[in-house]
Amino acid sequence: MAFPTDRPRRLRVNSAVRRLVEETKLAPSELVLPMFVKEGLTEPRPLSAMPGVVQHSRESLRKAAAEAVRAGVGGIMLFGVPTSKDPEGSGGLDPNGILNVAIRDVISEVGDATVVMGDLCLDEFTSHGHCGVLDEAGQVDNDATLESYAKMAVAQAEAGAHMVGPSGMMDGQVGVVRQSLDAEGYQDVGVLAYAVKYASAFYGPFREAVESSLEGDRRTYQQDPANFREALREVALDVEEGADIVMVKPALTNLDVIAAVRAAVTIPVAAYQISGEYAMVEAAAANGWVDRERALMETLTSIRRAGAQIILTYWATEAAALLRSRY
Ligand code: PBG
C-alpha cells in the first residue's frame with residue numbers, strides 16, 4: 001500500500017492551525033453598506049424581498065449610519081427614493097432632492113469617519129425608470145444623460161459626498177463626471193465607477209427597494225452576462241477617464257471577471273454583492289436550508305478571494321461585527 005507522503009490535512013487538524021494558514025481575510029474597513037432612504041417616511045419600512053433591509057426615514061438613516069461606523073464599515077453608499085418622479089429625473093439634480101438631503105444628513109452625523117458615497121444614476125428619479133433621459137423615439141439618450149450626470153455629481157459633492165458612484169452604464173460617464181467635479185473645485189471627490197455592470201435578473205429585489213417604475217429592461221446600456229472581453233474594455237475606458245476605483249456587479253455570478261479585472265488594473269477593485277444575492281441566502285436560511293451566518297461569510301470570502309478588495313454588501317454592518325469577534 002502506498003501511503004501519502006504529502007498530507008494537506010495536517011494544516012486542517014484544528015481551528016488554531018486553520019486560522020494560522022487562512023489565506024483570505026476580510027476586514028470591516030473593506031465592506032461598504034448600501035442604504036435606502038425614502039422621502040417623507042417617518043418610520044423605517046421593511047422590504048419584503050430583502051429581510052433585514054429597510055427603506056430608511058431621514059432619522060433612522062442617521063442612526064443606522066452611525067451604527068455602521070461603530071461596526072467599522074469602510075463606507076456607505078446612499079440611494080434616494082423620491083415621492084415624485086419626472087421624465088428628466090430632476091429630483092436627482094435638485095440640492096433639496098432626497099438623495100442630496102440624505103448625503104448632508106449622513107455627513108453631519110458621521111463626518112469623515114467613513115467614506116460617504118452617493119449613487120449617481122437617474123433611475124430612482126425618472127418616471128419611466130430608466131437610468132437616463134429618453135430621446136423622441138423613447139430610447140435612452142446617452143449624451144443628454146451625461147449632462148444630467150455632470151450636474152448630479154456636483155450636487156452630491158456640494159452635499160458633502162466623499163465619492164460618487166456613476167452606475168448608469170452610459171458611455172463616457174466617468175469622464176464627464178470627473179471633468180465637472182474638477183471644474184467646480186471638487187478635485188478630491190472620488191469616482192467609484194460601476195465599470196462592469198451586467199443586465200442581471202438578480203437586481204429584482206432592488207427594484208422594490210427603490211420603487212422602480214421601469215418597464216422593459218436595461219439591455220441597451222447594461223452588459224450581456226455572456227460577455228467577458230467586453231468587461232475588460234469597459235474597465236480600460238473607465239480607468240482612462242479617471243476612475244479611482246472600478247467595480248464589478250453582480251459579484252457572485254462574475255468571480256471570473258473580478259479576478260481578471262484585478263489582474264488588469266492597479267487601482268482598487270470593488271464588487272457589489274447585489275440584492276438578489278442577498279435575497280437568495282436570506283430565503284434559503286429562512287427555510288432552514290443553509291446556515292445563514294456561514295453562508296453569508298462564505299459568499300463574502302469568495303468575492304474577496306476572487307480579487308475584490310472592497311465589497312458592497314447589505315450585510316456590511318453585521319459582517320463587520322462578526323469579523324471583529326472572529327479575529
Ligand atoms: C442603478 C442601480 C441598480 C442597482 C444599483 N444601482 C439597479 C439597476 O441597475 O437596475 C442594483 C443593486 C442591487 O440589486 O442590489 N441605480
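**Reading burial, patches and salt bridges**

User: How should I read the relative accessibility of valine 21: what does valine 21 count as?

Analyst: Valine 21 has 35% relative accessibility and so counts as partly exposed. Buried means under 20% relative accessible area, exposed over 50%, and partly exposed in between (1.4 Å probe, protein chains only). This is a predicted model: local features need pLDDT of at least 70 and side-chain atom pairs pLDDT 80 or more, while totals for chains, interfaces and linings use all residues. Residues are numbered from 1 along each chain as its sequence is written, and side-chain values use heavy atoms, leaving out hydrogens and water.

User: Where is valine 21 placed, and which patch is it part of?

Analyst: Valine 21 has its place in helix H1; helices (H or I, at least four residues) and strands (E, at least two) are DSSP runs, numbered from the N terminus. Patch members have over 30% relative accessible area and no salt bridge; like charges are joined within 9 Å, and nonpolar side chains (Val, Leu, Ile, Met, Phe, Trp, Tyr) within 5 Å.

User: Which residues gather in a patch of positive charge?

Analyst: That patch, on the surface, gathers Arg7, Arg9, Arg10 and Arg12. Lys and Arg count as positive, Asp and Glu as negative, with His and the chain ends not counted; charges are placed at NZ of Lys, CZ of Arg, CG of Asp or CD of Glu. Arginine 7 is found in the segment before helix H1 (15-21), and its relative accessible area of 41% makes it partly exposed.

User: How many salt bridges does a search of the whole structure find?

Analyst: The search finds 13 (a side-chain nitrogen of Lys or Arg within 4 Å of a carboxyl oxygen of Asp or Glu). Arginine 58 is partly exposed at 43% relative accessible area, whereas aspartate 105 is buried at 8%.

User: What do the side chains of arginine 62 and glutamate 109 do?

Analyst: They meet in a salt bridge too, at 2.9 Å, N to O. Arginine 62 is in helix H2 and glutamate 109 in helix H3, so here again the pair ties together parts that are 47 residues apart in sequence. Both count as partly exposed, arginine 62 at 24% and glutamate 109 at 35%.

User: Where do arginine 178 and aspartate 182 lie?

Analyst: Both are in helix H5 (residues 173-183), four residues apart, or about one turn of the helix. Going back to the network question, salt bridges with shared partners join Arg58, Arg62, Asp105 and Glu109 into one network. Arginine 178 has its own salt bridge to aspartate 182, with the closest N and O atoms 2.8 Å apart.

User: And aspartate 119: is it buried or exposed?

Analyst: Aspartate 119, in strand E5 (residues 115-120), is buried yet has no salt bridge. Lysine 197, the nearest side chain of opposite charge, is 6.1 Å away. The side chain of aspartate 119 does make a polar contact of 2.7 Å with that of serine 167. Such a contact pairs N or O atoms within 3.5 Å; within protein, one must be able to donate a hydrogen and the other to accept it, and residues adjacent in sequence count only if both atoms are side-chain atoms.

Note on methods. Areas by Shrake-Rupley, 256 points an atom, 1.4 Å probe, with all protein chains shown as cover.
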